[in-house]
Every structure is written in C-alpha cells, then in structure tokens.
Amino acid sequence: MSTTTAAVRPSVRWLRRARRTPALVAGTAILVVVGVVAVLAPVIAPYDPASQDLGNGLAPPSAAHWFGTDQLGRDILSRVMAAGAGERGIYLAYALVGWITYARVIRARTRTLCREGWVQAARGGGLSHGRVLFGHLLPNVAPLAVVLLMTEILLIMVAVVTLGYLGLGVQPPTPDWGTMISDGQLFLTTRWWVPTLPGLAVVLTGVGLSLTGDGLADVWRLR
Amino acid sequence: MRIEGLRVAGETELLHGVSLAVGAGEAVGLVGESGSGKSLTLRAVMGLLPRGLRVTGGTVEVDGRAAMIFQDPLTFLDPLVRVGDQVAEVCRVVAGLSRRASRVRALELFADVRLDDRAVLARRYPHQLSGGQRQRVLLALALAQEPDLLLCDEPTTALDVTVQREVLDLLASLRAERGLSLVFVSHDLAVVAQLCDRVVVLRDGEVVEAGATRDVVARPHHPYTRRLLDAVLPLPALAGGRDG
Amino acid sequence: MRWVGRSLLSVVPVVVGVVLCVFFLLRIVPGDPAAMILGERATTASIEALRHRLGLDLPLAQQLSDWLVGVFTRGDVGTSLVTSQPVLGLVGSRAGLTALLVLLSVVFTVLIVVPLALLAATHKDGVLDHLVRIVPTVGMAMPAFWVGLILILLFGVQLRWLPVGGVGTGPGEPLRSLVLPALTVALGMAPPLVRALREQLVEVLDADFVVTLRAARLPSWRVQAHVLRNAAVPTVSLLGLNIAYLIGGTLVVEKVFALNGLGALLFSSISSRDFPVVQGIALVLALAVVGVSLLTDGLVALLDPRVRTA
C-alpha cells in the first residue's frame with residue numbers, strides 16, 4: 001500500500017517546475033539581490049552610512065548620490081543598504097511572539113493529517129513513530145510550513161519597520177528603514193525622495209518574500 | 001424527450017455519444033457505477049453542466065417542461081431560507097402568483113408529496129428536516145414547475161432503505177396521477193427495476209445495453225450488465241409487481 | 001437570549017487578559033515614568049520622591065488591585081502620570097475621532113474588498129481572477145504607513161484634492177480630512193481579506209443549491225440574491241475577525257496623517273511611560289474589539305439559521 005504519494009518528489013522534476021513558476025522565480029531573484037546587498041553593505045556601500053555632510057543636506061538624487069542625501073547630508077543609498085541588515089534583537093523578539101500563531105497552524109494541519117486513514121494504516125503496518133513522523137507526516141506538512149514561514153517573516157518585517165516608524169523600535173543612530181521614513185516624513189512634500197526611497201526598499205523586500213511564498217505555494221500545489 | 005449521440009467534454013471527453021429516448025408517461029432508468037456519466041447526461045439535458053464542461057456533440061430534444069431533483073437535498077437547498085418560502089418562490093416565478101397565493105400553493109404541493117404537519121414544516125430550515133422530508137421538499141420544488149418530465153439524479157441514494165421505499169412509491173403514484181415521464185438515475189439496479197419500465201445501462205460514458213426492464217434483467221447481454229445484476233441480491237420484482 | 005449571556009461570559013476573560021498583559025508588560029519594559037517626567041538632570045532623590053507620590057513604589061500586586069478597584073467601583077481608570085488629568089477624560093476627548101476613522105475605514109474596506117473578491121470568484125481562473133490575486137501578493141508587502149505617504153504625495157500634493165494632515169475646520173469636516181487616512185487603512189486591510197473572501201465566495205458560487213435554483217429556472221437576479229445572502233455570512237464573519245487588525249491599523253495611520261486621536265495619545269504615552277493612560281487606552285480598545293466581535297457574531301446569527309439552532 002503506497003503511503004508515499006505526497007512525500008518526497010524527485011528533485012529534478014521539482015526544480016524544473018519551480019523554474020517555470022514566474023512568481024517563484026521573480027520572488028527568489030528579488031530576495032537574492034536584497035540579501036546580497038544587505039550582507040555586502042559594508043563593502044559595496046558608496047559612503048559610510050554615518051558620515052554626515054551638513055553642507056550637502058537634502059540633495060536630490062544625482063550621479064554622486066543615487067538616492068540623494070538626508071537632512072544631515074548622509075547618503076541615503078548607503079543607509080538603506082545598511083538598514084537592510086537590520087537589528088537582530090528586535091526580529092528575535094517578534095519571532096518569539098509570532099511563533100505561537102505559526103505553531104498553532106502547523107499543529108492543526110498535522111492533526112488533520114493524523115486523522116486521515118493512511119497514518120493509522122502505516123502505524124498498523126508496523127512502522128515506528130519516527131518513521132511515520134519523518135517519512136510521511138513531515139513531507140506533507142513541510143510545504144505548508146515553509147510557505148507560512150515566508151508570510152510570517154514578511155509580517156514580522158513589516159511590523160518591525162512599522163514600529164521603527166512609530167518611534168518604538170530600533171534606536172538611532174542604527175539605521176532602520178522605519179525610522180528613516182519617519183524622520184524623512186517632514187520632507188515628504190518638498191523632497192519626496194527622503195522618506196519614499198527607503199520605503200521602496202521595504203516594499204521591494206516584502207514583494208520578494210510574498211512572491212516567493214506564493215510561488216512555492218504554486219509549485220507545491222497548495223493554492 | 002430524445003437524446004441523440006450526446007457528447008460532453010471538459011479536458012477529456014466524458015460522454016461518447018449517448019442516445020436515450022423517453023416517451024410520454026414512461027419511466028426510464030439510467031444505471032451505471034460512479035463516473036459512468038449518468039448524472040452528466042441529466043445535467044446536459046437541463047443545461048446545468050458544471051464549470052468547465054460543455055456539450056460537444058449530439059442533440060437533445062425535450063417536448064414540454066423538464067424539472068430535476070437531486071441526491072443530497074441538504075446541500076441542494078438554500079440553507080438560509082425556510083423550505084416553504086423556497087418552494088413558494090418557484091411558484092411565484094412559474095405561475096406569477098402573489099406572495100400569499102404562492103405560499104398557499106406551496107402548502108398544497110407539500111400535501112402532494114405527502115409531508116405531514118405541512119404548516120409547521122414549511123417554516124423550518126433545511127437543516128432542521130430529516131433526509132426524507134428534504135427529498136420531498138425538493139420534489140415539491142420540482143412539481144411547482146409543473147413539469148412534463150422529471151429527471152431524478154440518485155434521489156434515494158442518501159436515504160435509509162425504508163424511506164427510500166416511501167419516496168419510490170411517491171414517485172410511482174405521482175407518475176400515475178399526473179402522467180409524468182421519469183428518468184431515474186441510480187447505481188442501484190434493484191431500485192431502478194422497481195420503478196422503471198425500461199432500463200439503460202451506462203458505462204464510461206457509453207450506452208452498453210438498453211431495453212425493457214423485464215428483458216434486461218432476465219437476459220442481460222453485456223457482461224457489465226451481468227455484473228451489475230450479480231451485485232444485487234436477491235433480485236426484487238420488476239416494475240408492475242409489488243413484492244420482492 | 002441564553003446565547004447573549006454565553007457570549008458576554010466569553011468576552012470577560014479576553015478583556016481581563018488584555019488588561020493584565022498590558023499592566024505587566026508596561027512595568028517590565030525598562031523606563032521609569034518619574035525619571036521621564038523630571039528629565040535628564042533630575043537627582044535620584046527627587047525621582048524617588050516623585051515615584052512615591054505617584055504610588056509607583058508600591059508592590060505590583062497592590063498597584064494592580066488598586067487600579068482594578070478604581071475601575072470597577074468608581075469607573076476611575078486612573079490619572080495621567082504626566083498631566084494629572086483623569087484618563088477617562090483624556091481618552092474620551094480623543095476617542096471620537098478614532099471611532100469615526102474606524103467607521104470610515106470599515107466602509108472603505110468593504111467597498112474595496114467585496115467587489116474585488118466577487119470579481120475574482122465569478123471569473124475564477126480567468127484573467128480577471130489572476131489580476132485580482134496579484135493584489136494580496138503585492139499588497140501584503142506594503143506597510144500601511146508607506147501607503148499613506150504615497151497617498152499623501154498623490155492626492156494631497158500633486159492633485160491637491162484632499163487635506164493631508166490634521167483635521168480641518170471647513171465644510172465636510174472632519175470627514176474630508178479622514179478620507180485619505182481611512183483609505184490608507186482600507187488598502188492595508190484589503191490584501192488578506194480579498195484572498196480569504198474570494199475563497200469563501202468560490203465555495204458559495206459552486207454550491208449545490210445554486211444548481212437547484214437554476215434548474216427551477218429562476219431568473220438570474222433571484223439566484224444572485226440567494227448567492228449574495230449566503231456570501232454575506234462569511235464576509236461579516238471575516239470582518240469581525242479582523243477588526244482588531246483594522247483598529248491597530250488606524251492607530252498607526254493616525255501618526256502618518258498627524259491626527260489627534262487615540263493613536264497619537266497611545267504612542268506618546270508609551271514613550272513617556274504614562275502607565276495609567278496606556279492601561280486606559282488598552283482597556284477601551286479591548287472593549288471595542290470585543291464589542292465589534294459580538295456585534296458581528298450577532299449579525300451572523302441573524303443571517304444564518306444554522307448558527308442559531310446549533
């Protein structure tokens with residue numbers, strides 16, 4: 001009796017299907033770019049994110065400063081790249097709280113699966129707990145878990161940025177997308193690039209996460 | 001009603017040229033296992049094919065009005081509306097009656113389908129009725145359309161055996177009283193044999209055998225028909241008789 | 001009637017839980033209100049004196065019970081540590097604006113989500129469906145406040161149609177000033193709701209009873225009426241479930257648009273560690289969320305007889 005229908009697929013077939021899913025391709029591409037930039041920020045940033053140039057404050061985007069400068073003359077592009085790395089502490093705090101909802105959904109799905117006949121059949125057939133857990137349940141729950149994880153990360157990121165915007169998050173001078181936007185809001189109507197471009201960084205990362213999550217869901221036929 | 005060479009397809013062809021004829025006042029049974037295309041045939045006649053399926057060939061002619069009843073009335077009735085009102089709504093549309101008159105008419109129909117405590121029942125919601133009661137409501141809904149032909153898509157499959165018997169008796173007497181033609185779909189040859197003059201056997205979207213019930217049961221030609229017959233034990237009396 | 005009693009009972013633990021959580025969280029987080037009030041130059045002695053005066057040096061349990069007693073016997077939700085004003089008054093003066101914003105946001109949310117979800121569901125797997133489904137994917141990546149900023153840029157500056165900050169005093173106010181903020185909240189809530197509602201609607205549209213109705217040759221509009229009434233049930237439920245997020249969204253948006261509602265008060269009080277004010281606002285918000293949940297539950301019961309006779 002076959003109980004592996006929903007379990008591990010040949011990876012080659014999977015990869016091929018993955019490559020043909022536009023959402024997944026676009027999403028991972030974006031994430032890779034963002035990730036690389038964030039990690040390499042200290043190296044590839046054109047300027048030191050903290051160095052001020054008070055005479056050149058609020059300059060519009062130009063060849064020298066692709067994203068312009070903020071009110072203290074700091075290069076916005078470098079600050080955006082640095083902020084991409086983020087402040088570990090706050091993400092951890094959020095993850096600790098958000099873990100509960102995540103776990104609840106996974107638990108519900110596992111329970112539903114357990115009630116299905118094939119689990120009992122496998123156990124009845126003499127398979128050990130471990131075998132059932134790893135060989136059968138895990139492959140069935142894993143896709144859902146991964147896709148949900150994407151959504152969780154996305155929600156956490158948005159929440160952290162929002163907290164930063166509200167002034168309740170990361171403290172200066174650590175650059176954070178949220179604080180950059182709130183600091184720059186004063187200049188929204190006059191020098192729109194100061195708050196808007198960091199915002200774009202947030203949205204871009206978010207879209208990358210979202211597309212990847214949706215793409216994975218498509219590939220694994222969860223939608 | 002006459003069907004000639006009906007073809008229905010979605011991604012693949014599901015009905016491969018089905019032909020069927022029902023005369024006035026006749027009762028024809030359509031049997032076959034799940035997936036043979038019995039329900040699809042009825043749906044095609046009514047123009048109610050599910051999303052993604054289309055008629056790709058053949059003709060359907062219906063002389064008069066056709067109504068249909070379905071298998072599991074719980075999901076086939078609007079859960080938010082009282083059953084009496086649902087039937088009344090059909091009466092309003094079909095006969096152009098006023099609201100009050102249609103409610104009265106609905107109660108009359110409830111009497112025709114032998115529902116007790118009509119007034120009380122009419123104010124109930126579908127989930128508050130028993131399976132048999134719901135099936136009668138569906139029947140009343142169909143009769144409200146004043147049809148000449150009644151298409152029955154496995155109406156007894158979800159019912160207890162005793163209730164099944166009552167519904168079959170009801171159908172038989174309605175047919176006698178009103179001269180209704182019936183097409184009765186089921187996977188249960190025994191049930192069909194009780195009610196229908198003729199039987200058509202469907203398998204994988206094709207007609208494999210057809211004829212008077214008496215003949216088909218006594219001398220089945222196709223091995224599939226024989227298998228269906230073997231699955232019934234013991235064989236009940238044929239249409240026209242009463243005991244099994 | 002019994003059902004109402006039962007619902008009220010289930011509400012109490014939620015409110016109590018929220019209040020307790022807020023109470024303890026405030027005191028766990030570093031930051032001393034007395035120190036904040038007195039500023040950086042304050043001496044330890046003066047800080048201690050202020051703490052004593054404000055009752056902050058009492059044991060936690062006593063602070064909690066004092067506050068609870070005050071709430072239940074006198075309806076006294078405390079006094080602001082910073083301004084010495086009664087919290088109830090403070091909250092009351094701001095709550096009206098926030099309530100109006102929430103109401104307008106709900107209206108906009110429904111106006112955006114329902115037609116989009118309907119469109120996607122009725123054209124399932126078609127071009128329109130896929131177009132609509134892009135909305136949640138992209139929309140979820142956009143923080144509400146960023147959307148607000150974009151709207152400000154677009155409507156306030158470029159097109160000069162609507163006011164972009166604060167509440168004006170001209171004709172049509174305060175509604176006119178709340179249009180953009182409410183729109184921002186609605187756009188923020190729309191993505192997950194569109195996705196969820198579309199799924200529910202697909203289920204309703206494919207329901208068996210629709211087949212029966214069409215078989216009976218009811219005119220199209222009558223069938224739609226049945227479908228819509230059935231579809232209203234999950235819609236209302238969904239709104240009730242998400243009201244907490246919606247209210248949260250309005251609090252954030254208030255900051256974007258410089259609105260003087262509960263949100264502004266809440267965030268400034270958190271920053272200055274004004275415990276009673278934060279507690280008071282938390283209580284009010286918890287009651288509001290719970291109230292709306294009860295309301296939507298009631299609506300669903302009204303619409304759906306299956307819920308009633310369960």
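Among contacts in chain B between residues at least 6 apart in sequence, what percentage join residues at least 24 apart? The figure for chain B is 66%. The model shown here is predicted, and the legends below take its chains and interfaces in turn.

**View 1. Chain B contains both helices and strands.** In this chain there are 10 helices, together with nine strands. The radius of gyration of chain B is 18 Å, close to the 18 Å given by the globule rule for 244 residues, so chain B is as compact as a globular protein of that length. Its C-alpha trace extends over about 55 × 45 × 30 Å along the principal axes. Of the 244 residues in chain B, 45% are buried.

**View 2. Chain C has helices and zero strands.** The helices of chain C number 13, and its pattern along the sequence reads α-α-α-α-α-α-α-α-α-α-α-α-α. The C-alpha trace of chain C spans about 85 × 55 × 35 Å along its principal axes. Buried residues account for 36% of the 310 residues in this chain. When contacts in chain C with a separation of 6 or more are considered, 72% of them are between residues 24 or more positions apart.

**View 3. Chain A meets chain C through 24 residues of chain A and 17 residues of chain C.** On the side of chain A that touches chain C, at least two residues each come from α6 (129-166) and α8 (193-219) of chain A. The helix that gives the most to this side is α8(A), with 11 residues. Sorted by class, the residues on the side of chain A that touches chain C comprise 15 nonpolar, eight polar and one charged.

**View 4. Chain C meets chain B through 20 residues of chain C and 19 residues of chain B.** Three helices of chain C, namely α9 (208-215), α10 (220-256) and α13 (305-308), each supply at least two residues of the side that touches chain B. Which helix provides the largest share of this side of chain C? That helix is α9(C), with six residues. The side of chain C that touches chain B is made up of nine nonpolar, four polar and seven charged residues.

How values were computed:
Residues are numbered from 1 along each chain as its sequence is written. Chains are lettered from A and ligands numbered from 1 in the order in which they are written. This is a predicted model: local features need pLDDT of at least 70, side-chain atom pairs count only at pLDDT 80 or more; totals for chains, interfaces and linings use all residues. Helices (H or I, at least four residues) and strands (E, at least two) are DSSP runs, numbered from the N terminus. A residue is buried if 20 or more other C-beta atoms lie within 10 Å of its own, exposed if 12 or fewer, and partly exposed in between; C-beta atoms are placed from the backbone. Two residues are in contact if their C-beta atoms, placed from the backbone, lie within 7 Å. Ala, Val, Leu, Ile, Met, Phe, Trp, Tyr, Cys and Pro count as nonpolar, Asp, Glu, Lys and Arg as charged, and the others, Gly among them, as polar. The radius of gyration is taken over C-alpha atoms; the globule rule is 2.2 Å times the number of residues to the power 0.38.
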